[in-house]
Amino acid sequence: MIIERYIYREIFQKLVWILGLLILIVASKKFVDYLAEAAAGKLAGELVLRIFWMNTLAGLPKLLPVSIFIAVILGFSRLARDRELVSLSAAGIGRQFQLQTTVRFTLIFCIAVIAIVFYLAPWAESNVQRLKQQAEQESDITGITAGQFKEFSKGDRVVYVEGLSADKTEMNDIFLQVRQNNKLGVLTSDKARFRTDEKSGNRFILFEDGRRYVGEPGMQDYEVTSYKTYAILIEAGNTDSIETKLVAVPTRELLGSASPMYKAELQWRISSVIACVLLSLLAVMLNQFAPGERRYAPFLIAILSYFIYSNLLGISKTLLKRDVIPSFLGLWWVHVLMILVIVVLYYLPSLWTWRRRNTDQQILPAEQ
């Protein structure tokens, strides 16, 4: 149908530039952060683009529902502003047709959302974690230059290396200064390597065959210890590793799991698809309350509605992960609440018409 294709094109055009704009905003900030890490020696230069693209793909599930929501809002707002919806209504094409057309477009869009949310995003996130782990093991060495000092832990750790091995995985003739509890410690060693604890993410330097000097600056009572191997903490691990690891879990592992955290993650992924449909319907309903002189009102109400909806989903996810609420309630009650809001908005004009008609019928006998 020509009118259907016209509405599809209107929504699709808005969707393309809105999604592109959101990706640009989010990705540009990430890219700057990665460049800063590469400049600080925490990330190898050749890994920057790979991690950047993978991280962008992993972040799409957060952007897709709000993108389709804003696209539908702006698309129908433009049609309402140009009085095209009034013309369609006069021709017998009303809200039901608008809703059906929007649902058909959104269902097609949801096919891509399902592929991204359930398969591509977890795959991309797992690759990001793998590349970051590789970067943590490699970037420490690549950030160190033979014959130069390098600071860690905001200056509390200072490393000096005389030379590096050919494969840049081992440091030779290393010197490390450590400040802790008003004491100064110095470690010297013939060779050392970086090590990362997989569970905590803490990073260490593992010294071999060296000496350790500990004392207070200006005093002569230094303790001297010889050691075969000695490990010292350089940087603490990331405390958000549990959440990021959940995002990387394949969907097939989430299915049928009894873990509350896995149930919460599975329902969160399903909610991304449901939210695309419900938010699109909400956008159509909000446009019917858009008088010409206040055409931005539905957009502002839509943004407020989205934040309430998304925050309720986030709160429910947290409660489900902590096993505070049962899984059968989980995130579903938020979607049910949104459906009720859409139904109320759908019948609200009819209720207003019915109430106005009853009021007029009561006034007429009184005037007679």
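The questions below set values against definitions.

Modeller: This is a predicted model, in which local features need pLDDT of at least 70 and side-chain atom pairs count only at pLDDT 80 or more, while totals for chains, interfaces and linings use all residues. Residues are numbered from 1 along each chain as its sequence is written, and side-chain values use heavy atoms, leaving out hydrogens and water.

Biologist: Why is T56 called buried?

Modeller: Buried means under 20% relative accessible area, exposed over 50%, and partly exposed in between (1.4 Å probe, protein chains only). T56 has 18%, so T56 is buried. T56 lies in helix α2, residues 48-58.

Biologist: What does T56 touch, not counting residues up to four places away in sequence?

Modeller: T56 touches I23 and A27; contact means heavy atoms within 4.5 Å. A27 is also among the buried residues of α1.

Biologist: How do you know that the span of helix α1 agrees with its number of residues?

Modeller: The expected span is 1.5 Å times one less than the number of residues. Helix α1 (residues 2-39) has 38 residues, so it should span 56 Å; its end C-alpha atoms are 54 Å apart, which agrees. Helices here are DSSP runs (H or I, at least four residues), numbered from the N terminus.

Biologist: Is F328 buried or exposed, and why?

Modeller: F328 has a relative accessible area of 68%, so F328 is exposed. F328 is found in the loop between α9 (297-321) and α10 (332-367).

Biologist: Which helix has the lowest mean pLDDT?

Modeller: Helix α6 (residues 241-247) has the lowest, 67, and helix α8 (residues 260-287) the highest, 91. pLDDT is the predictor's confidence in each residue, from 0 to 100. Where pLDDT is low, the predicted coordinates should not be read in detail.

How values were computed:
Helix = DSSP H or I, 4+ residues; strand = E, 2+ residues; numbered from the N terminus.
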